[in-house]
Amino acid sequence: MRFSFRPSGEEGIVTETHPDFFLENMQKNIADGGVSWDMVVTLANPDDVVADPSVQWTGDHTEIVAARFTAKAAMAESDGQCDELNFDPMVLSDGFAPSEDPMLQVRSMIYALGVGQRLSEKE
């Protein structure tokens, strides 16, 4: 399976860019009714290549909206509390196993390195 996050509402984008445009855009969209994305799981077909994420799957696939992520607030990085969080694609719930995709292991190491760098920058 592969997953993606797709906007579940209208997309409103501030076109004038400046250092804080992303934060301001998120805050405005949240205030105007919310910002959310659907987590869409795409199931592999028997002939799909799952060991190489650069190979695009073609044809019809079963897609499942598995969850919805809704942002209710956005704050400056300096005010955030996410520095110690680390997403690891190799940490799986019981009953799940990683695919043959070698990028999962690479991402696991890169994300761990990233959280270490974030924490060292705060010292």
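The model is predicted. Helix 1 spans residues 21-31 and has buried residues. A nonpolar patch on the surface has about 1,100 Å² of accessible area. Three aromatic pairs turn up in a search of the whole structure.

**Helix 1**

- Asn-25, Met-26, Asn-29 and Ile-30 are buried in helix 1.
- These residues sit on the same side of helix 1, because they cover an arc of only 130 degrees around the axis.
- Strand 2 (35-42) and strand 3 (63-71) are what the buried residues of helix 1 pack against.
- Gly-33 follows helix 1. The phi of Gly-33 is positive, near 135 degrees.

**The nonpolar patch**

- The patch includes Met-1, Phe-3, Phe-5, Leu-43, Ile-64 and Phe-69. Also among its members are Phe-87, Met-103, Val-106, Met-109, Ile-110 and Tyr-111.
- At least two residues come from each of strand 1 (2-7), strand 3 and helix 2 (103-122).
- Helix 2 gives the largest share, five residues.
- Phe-5 is in strand 1. Its relative accessible area is 43%, so Phe-5 counts as partly exposed.

**An aromatic pair**

- One search found three aromatic pairs in the whole structure. The ring centres of Phe-87 and Tyr-111 are 5.9 Å apart, and their planes stand at 50 degrees, so this pair is tilted.
- Phe-87 is in the loop between strand 3 and helix 2, while Tyr-111 is in helix 2. The pair therefore ties together parts that are 24 residues apart in sequence.
- Tyr-111 is partly exposed, with a relative accessible area of 32%.
- Both Phe-87 and Tyr-111 also belong to the nonpolar patch.

Definitions and conventions
Residues numbered from 1 in each chain as written. Predicted model: local features only at pLDDT ≥ 70, side-chain atom pairs only at ≥ 80, totals over all residues. Heavy atoms only, no water. Buried < 20%, exposed > 50% of the residue type's maximum accessible area, 1.4 Å probe, protein only. Helix = DSSP H or I, 4+ residues; strand = E, 2+ residues; numbered from the N terminus. Arc of directions from axis to C-beta. Contact = heavy atoms within 4.5 Å. Patch = residues over 30% accessible without salt bridge, like charges linked within 9 Å, V, L, I, M, F, W, Y side chains within 5 Å. Areas by Shrake-Rupley, 256 points an atom, 1.4 Å probe, with all protein chains shown as cover. Salt bridge = Lys/Arg side-chain N within 4 Å of Asp/Glu carboxyl O. Phe/Tyr/Trp six-rings, centres within 6.5 Å; stacked < 30°, edge-to-face > 60°.
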